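I opened my notebook to look through this one piece by piece. Here is the structure I was working from.

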Amino acid sequence: MVKFNRFTLDNGLRVIVHEDDTTPMAVLNILYDVGARDEDPDQTGFAHLFEHLMFGGSVNIPSYDEPLQRVGGENNAFTSNDITNYYITLPSSNIETAFWLESDRMLSLAFSEKSLEVQRAVVIEEFKQRYLNQPYGDVWLKLRPLVYKKHPYQWATIGKELKHIEDAKIEDVKAFFKKHYNPQNAVMVVGGDVKTEEIKQLAEKWFGPIPAGEKYHRNLPQEPDQHDERRLTVTGKVPLDDVYIAFQMGARLDESYYVAELISDILSRGNSSRLYRKLVKEKPIFSEVHAYMTGSMDKGMFVFEGKPLENISIEIAEAAIWEEIERLKTELVPEDELTKVQNKIESTMIFSEMALLDKAMNLASFELMGNADMLNRETKRYLAVTRQHIIELSNQMFRKDNSSTMIYLAEKAV
Amino acid sequence: MTLQRKTAPEFKGIENIHLIHPERRELTNGCKVFCFNSGDQELVRIEWIFGNLRFKPESPLLNMAVNSLLTEGTHSLTSAQISDKIDFYGAFLQVDYGHDNSQVTLYSLTKHLHHTLPVIKDIITNSIFPQKELDTFIRNQRQKLQVSLQKNDIIARRIFSKALYGDTLYGLSADIETYDTLNREDMQVHFAQMYQPSNCTMIVAGKIEPETLNLISDAFDKEWHNTGQAADTGQPVIIPAAEHFYFTEKPDALQSAIRMGGAAVNRTHPDFPALQVLNTVLGGYFGSRLMANIREEKGYTYGIGSGMSSLKHGAALFIATEVGADVCKLAVDEIEKELNLLQNELIPEDELSLVRNFLMGSLLGSLENVFSHADKFKNIHFAGLGYDYYDRYVNTIKTVSADRLQELARKYLNFDQFYKVIVGKY
C-alpha cells in the first residue's frame with residue numbers, strides 16, 4: 001500500500017505527496033504528458049532530443065546540473081513513446097533546490113543555440129551507440145513500422161533517422177516547449193522524508209506563478225485492427241539468426257492488459273516459465289527465447305523473441321513458438337500455474353515498496369492515466385484474472401492475421 | 001516579496017551518515033551470519049557468499065560454471081523442480097559469480113521461508129551438475145558469447161582486463177573453445193571444496209522474525225558440515241602485460257570503444273578514499289571533467305566516465321566511452337589533456353566543494369533500504385575493514401585538499417603509463 005496526498009494548483013499542475021520517513025532522502029519526479037507519439041512524422045526523435053535540451057539551462061538558471069550536485073542531488077530523465085519523465089533525488093533537507101530548478105525550467109528554457117548544437121551531436125552518438133553500432137540494434141526501427149501502419153508508435157523514441165535530429169531548429173524547440181511544457185500537461189510527485197503541508201507551500205511558491213499555458217489535446221490516428229499476416233526478413237552483420245513475432249494487443253488501461261501480462265509471465269517469467277522450460281531446456285531449439293509486452297498507453301505489442309540454435313532452421317523455430325501459442329489457445333492453464341504467476345505479481349509489488357523512486361514514478365504514471373490510487377489496486381486486478389480469461393484472450397490475440405514476423409538473418413561469411 | 005528565481009535557495013550540508021550495523025553470530029560449523037533487521041515489508045533477502053577457489057589456468061571457468069549451474073539439479077530436485085518451487089512462492093533465486101566471491105541470493109516473503117529455504121539448502125549442499133544441464137549451459141553460453149564479441153565495448157573490456165590482470169580470474173575472458181575444458185567431475189570436486197560452511201558468509205536483511213532465525217539455524221547449522229578439506233581461496237600473483245597499447249580495427253564501425261587506465265589501489269589502502277574523490281572529479285558524475293568536455297562541450301559521445309574497481313588482490317582506475325569513429329583520436333587527445341590538467345593544476349575550491357557535497361549526497365542516497373545497508377557492510381567486510389572505514393571516507397570527502405588530490409593525480413593518472421585499448425577506428 002502506497003499512501004499519498006493530492007492537490008492541484010490553480011494553474012492546473014497536479015501534485016502528489018508520498019510521505020516516507022524511513023529515508024533521509026526526497027524525490028521530486030515530474031512527468032510531462034508528451035512522448036514520441038506526439039511528434040510530427042517528419043520530425044521524429046524530437047521529444048527525446050528535447051529532453052536533452054531541458055538540461056541546457058533555463059530562463060533564470062544557466063546550469064541545471066551544477067547547483068543540484070552542489071546540494072548533494074542527482075537527476076536523470078527518460079523519454080518513451082508515451083511520456084517524458086524527469087526525476088531528482090536529494091537529501092530531503094535540500095528539497096527546495098529541486099523546486100527552484102524544476103519550476104524554472106517549466107517556466108521557460110534559455111533556448112541556447114550552443115546547447116542545441118551539442119545535444120544534437122550527443123543524441124546522434126546515442127543513436128549510433130544504441131541502434132546502429134550494436135548487433136540487432138536496429139530491430140525496433142524495422143519492427144515498429146511493420147506493426148503500426150497509422151499510429152505514431154511506428155517510430156522509436158530515438159526517431160526514424162539521423163537526419164530528423166540533424167535538422168532540428170531552435171524555433172522547433174520553442175514551439176515544442178510552448179505546446180507541451182506547462183503546468184496543465186504535467187504531474188509532479190514528491191516523495192520521501194517530506195511533509196504534505198511543507199510541499200504544498202513550496203509548490204505554491206515556486207510553481208504557483210507559472211502561467212497555465214494551453215492544454216494539449218491529443219488526437220492521434222489510432223491503429224486499426226490487424227487482419228493480415230505480415231512478414232519481413234532482413235539480413236545483417238549479426239552472429240546468429242533472430243526471430244520476432246509481434247501481435248497487436250490492448251491499450252494500457254484495457255482490462256485485457258492484465259490478462260496479457262499474466263500470459264507473458266506464464267510464457268517467460270523465471271526459469272519455470274514455458275518458453276524457457278520447453279524450448280531452451282527440454283527441446284533444445286533456442287539459446288534464448290522470451291515473451292514480453294511494450295505496455296504502451298495506446299494499442300501495444302505483445303512480442304515473442306528468440307535466437308535459434310545454430311543447427312535449427314527458422315521454420316522449426318517459428319513452428320516451436322506457434323506450438324506453445326496453440327497450447328495457450330486450446331488448453332486451460334493449470335490452476336497452479338496461474339497461482340504461481342499471480343503470487344509473483346504480489347511479491348513483486350511488496351518488494352517494489354522498498355524503492356522510493358519507483359514508487360514516485362508509478363504514482364505519477366497512474367495519476368496521468370486517471371488516478372494515482374490505481375497503483376494500489378493493481379494487485380487485485382491481476383488476482384481477478386481467471387484461466388478462462390487467458391484462453392479467451394489467447395484466441396483473440398494470437399492469430400496469424402494479427403501477427404507481424406520479423407526474421408533477422410545472420411549474413412553468412414563467404 | 002518577489003520570488004528570487006536567479007538565486008539558489010539556502011542549502012544544508014550533510015553532517016552524519018547513519019549506518020545500520022549487523023548483529024553477528026557464528027554457527028557451530030564455522031559459517032558466519034550477519035543480520036540486518038529493519039524495514040516494514042514482510043520480506044527478507046538472504047545471501048550465501050563463498051570465496052572463489054584458486055584459479056586453475058587449465059580449467060579457467062570452474063568458479064563461474066559451478067556457480068551458474070547451482071540451480072540446475074541436486075540429488076533430490078531436478079532443475080525444473082527447483083524453479084517450480086521458487087517461482088510458486090513468489091520468491092526470486094539468483095546465483096552471481098564475481099571476481100572474488102560467488103553467491104546465492106534468495107528474495108522471499110517471510111511467510112514462505114519454510115518452503116523456500118529448504119530449496120537453497122539443497123542446492124548448496126546437494127548439487128550434482130547433470131550432464132544434460134551442463135551441455136545446455138555450454139551451448140547457450142557459446143551463442144551469447146558470439147553476440148558479445150560483436151560489441152566493441154565488450155571486446156575493449158576483455159582486452160583491457162587481460163592486459164591488466166594477466167592469467168588470473170580477473171583477466172580471464174573465455175573464448176568459444178574455453179568451454180571445452182568444463183566437465184562434471186571437476187565441477188563436483190570444485191563444488192565440494194568451495195561450498196562448505198567454513199567458506200560461507202551469510203547475510204540476512206529485512207524483517208527478521210525469531211522464526212526466521214530458527215529456520216536458518218535448522219537448515220544451515222546442525223545439518224551442514226564441512227568436508228574436512230579447507231577451501232583454498234588463495235590466488236596466483238598478477239603479472240600485467242608489457243604491451244600497453246591495443247588497437248582492434250573494425251572497418252565498418254560507426255563508433256569506437258575506448259577503454260584506458262592502470263593499476264590502482266583497493267579499499268584497504270590509505271589512498272583509496274581520496275582517490276575516489278579524484279575519480280569523481282575526473283569522470284565519476286554527470287558534471288565530471290570528462291563529461292563536461294567530451295560530451296557537453298564537444299558532443300563526441302553519448303557518455304564517458306571513469307571508475308575504480310577494488311578487488312581482493314588487485315585494483316584499477318579506468319576510463320571508458322564509445323565515441324564517433326571519426327573523432328576517436330580527438331577524444332583520446334582530450335582525455336590526455338584532462339589527465340594532465342589534474343596533474344598540473346590544483347582543482348579549484350568551488351569545484352571541489354561541489355564534489356564533496358555531491359559525494360555526501362550520493363552516500364546518503366545509496367542507503368535506500370535495509371538491503372543497501374547490508375551492501376555497505378559487504379564492501380568493508382570482504383576487504384577486511386571495519387565501520388571506521390566509512391568514518392575515514394566521510395572525513396576524506398569533507399577535508400581532502402586540492403594539493404593532496406594533485407599528488408594522487410601524479411601518482412595514479414599518468415596517461416603515458418596507462419593501458420590503452422581501442423576497438424573500432426583510430
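Below are my entries, in the order in which I looked things up.

**Entry 1: chain A as a whole.** I began with a reminder to myself that this is a predicted model. I counted 15 helices and 11 strands in chain A. Next I checked the radius of gyration of chain A: it is 23 Å, close to the 22 Å that the globule rule gives for 414 residues, so chain A is as compact as a globular protein of that length. Along the principal axes, the C-alpha atoms of chain A fill a box of roughly 65 × 50 × 35 Å. I also noted that 50% of the 414 residues of chain A count as buried. Among contacts in chain A between residues at least 6 apart in sequence, 79% join residues at least 24 apart.

**Entry 2: the six-stranded sheet.** In what order do the six strands of this open sheet in chain A lie? I read the order as S1-S2-S6-S3-S5-S4, with mixed pairing. At the edges I found strand S1 (5-8) and strand S4 (74-79) of chain A, each pairing on one side only. From one strand to the next, the twist averages 15 degrees. I then looked at what packs on this sheet and found helix H8 (residues 196-207) of chain A, which touches S1, strand S2 (14-19) and strand S6 (186-192) of chain A. The direction of H8 makes about 150 degrees with that of S2(A). Within the sheet, I followed strand S3 (residues 25-32) and strand S5 (residues 84-91) of chain A, which run antiparallel and are joined by eight bridges. In that pair, A:Met25 stands opposite A:Pro91 in S5(A).

**Entry 3: the five-stranded sheet.** The other sheet I looked up in chain A is open too, with five strands in the order S7-S11-S8-S10-S9 and mixed pairing. Strand S7 (230-236) and strand S9 (286-293) of chain A each have a single partner strand, so one side of each is left without a neighbour in the sheet. Here the twist averages 10 degrees from one strand to the next. S9(A) pairs with strand S10 (residues 300-308) of chain A over seven bridges, in the antiparallel sense. I marked A:Val289, which stands opposite A:Gly306 in S10(A). Helix H11 (residues 314-330) of chain A packs on this sheet, touching strand S8 (242-249), S9, S10 and strand S11 (403-410) of chain A.

**Entry 4: where chain B comes in.** Helix H4 (residues 131-148) of chain B lies across S9 and S10 of chain A, at about 70 degrees to S9(A). For the whole interface, I noted 60 residues of chain A in contact with 55 residues of chain B. Which element of chain A gives the most to the side that touches chain B? That is H4(A), with eight residues. By class, this side of chain A has 23 nonpolar, 19 polar and 18 charged residues.

**Entry 5: helix H2 of chain B.** I finished with helix H2 (residues 79-88) of chain B, which is mostly covered: seven of its 10 residues are buried. Among them are B:Ile82, B:Ile86 and B:Phe88. The buried residues of H2(B) pack against helix H12 (335-352) of chain A, and also against strand S4 (92-97), helix H3 (113-126) and H4 of chain B. After H2(B) comes B:Gly90, with a positive phi near 65 degrees.

Key. Residues are numbered from 1 along each chain as its sequence is written. Chains are lettered from A and ligands numbered from 1 in the order in which they are written. This is a predicted model: local features need pLDDT of at least 70, side-chain atom pairs count only at pLDDT 80 or more; totals for chains, interfaces and linings use all residues. Two strands pair if DSSP finds at least two bridges between them. Helices (H or I, at least four residues) and strands (E, at least two) are DSSP runs, numbered from the N terminus. Axes are lines fitted to C-alpha atoms, for helices over the stretch in contact, and angles run from 0 to 180 degrees between N-to-C directions. Two residues are in contact if their C-beta atoms, placed from the backbone, lie within 7 Å. A residue is buried if 20 or more other C-beta atoms lie within 10 Å of its own, exposed if 12 or fewer, and partly exposed in between; C-beta atoms are placed from the backbone. Ala, Val, Leu, Ile, Met, Phe, Trp, Tyr, Cys and Pro count as nonpolar, Asp, Glu, Lys and Arg as charged, and the others, Gly among them, as polar. The radius of gyration is taken over C-alpha atoms; the globule rule is 2.2 Å times the number of residues to the power 0.38.
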